[in-house]
Amino acid sequence: MTKHTPTPWRIDKRCSTLIVAAKDRGICSTGGYSDNSINSEDLLNENKANAELIVRACNSHEALLSALIELDQLVSSQYVLEYPAGTFQLVRNAIREASK
């Protein structure tokens, strides 16, 4: 499987809807050509917020996955007998999905 461009990613200094990595390597842009025909400040703000969410999610992915795995190992150890009701499957599913 091909690996993704290494993080951290950030919002481009010149375009608030463009996500870039090191050396200004383009990752993606929220919005697009179809949005250009719509003159809407609300749409632009939504596209900016989408870009910010993508950057936060991608940059925190590895740390969150590591923390969840560590939590799973702690709960599975001798120190904690079981997850609170219903959370075992949620944690394991989240780990499996994030590890893809």
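Predicted model: local features only at pLDDT ≥ 70, side-chain atom pairs only at ≥ 80, totals over all residues.

I started with Thr 17: buried or exposed? Thr 17 has a relative accessible area of 10%, and it counts as buried because the cut-off is under 20%.

Next I looked up where Thr 17 sits. I found it in the loop between strand S1 (10-11) and strand S2 (18-20). Leaving out residues up to four places away in sequence, Thr 17 touches Cys 28, Ser 29, Thr 30, Leu 44, Asn 47, Lys 48 and Ala 51.

Then I went on to S2. S2 pairs with strand S3 (residues 26-29) in the antiparallel sense, over three bridges. I checked one partner: Leu 18 is bridged to Ser 29 in S3.

What about Ile 19? With residues up to four places away in sequence left out, its contacts include Trp 9, Arg 10, Ile 27, Cys 28, Ala 51 and Val 55. Ile 19 also belongs to the largest nonpolar core, a set of five residues with Trp 9, Ala 21, Ala 51 and Val 55 as the other members.

Most residues other than glycine have a negative phi, and most peptide bonds are trans. I noted these exceptions.

- Lys 23 is not a glycine, yet has a positive phi of about 55°. I see Lys 23 in the loop between S2 and S3, a hairpin with five residues between the strands. Its relative accessibility is 85%, so I put Lys 23 down as exposed.
- Asp 24 is not a glycine either, and has a positive phi of about 55°. Asp 24 lies in the loop between S2 and S3. At 41% relative accessible area, I list Asp 24 as partly exposed.
- Thr 7 and Pro 8 are joined by a cis peptide bond, with omega about 10°. I placed Pro 8 in the segment before S1.

Last, the helices. At what angle do the axes of helix H2 (residues 41-76) and helix H3 (residues 87-98) cross? I have roughly 145°, with the axes coming within 10 Å. The crossing of H2 past H3 is left-handed. On the H2 side, I listed His 61, Leu 65, Leu 68, Ile 69, Asp 72 and Ser 76 as making the contact; on the H3 side, Val 91, Arg 92, Ala 94, Ile 95 and Ala 98. Sorted by class, I get seven nonpolar, two polar and two charged residues in this contact.

Technical notes. Residues numbered from 1 in each chain as written. Heavy atoms only, no water. Core = buried A, V, L, I, M, F, W, Y, C linked by side-chain atoms within 4.5 Å. Buried < 20%, exposed > 50% of the residue type's maximum accessible area, 1.4 Å probe, protein only. Contact = heavy atoms within 4.5 Å. Helix = DSSP H or I, 4+ residues; strand = E, 2+ residues; numbered from the N terminus. Axes fitted to C-alpha atoms, helices over the stretch in contact; angles between N-to-C directions. Left-handed = near helix turned anticlockwise from the far one by under 90°. Nonpolar A, V, L, I, M, F, W, Y, C, P; charged D, E, K, R; others polar. Pairing = 2+ DSSP bridges.
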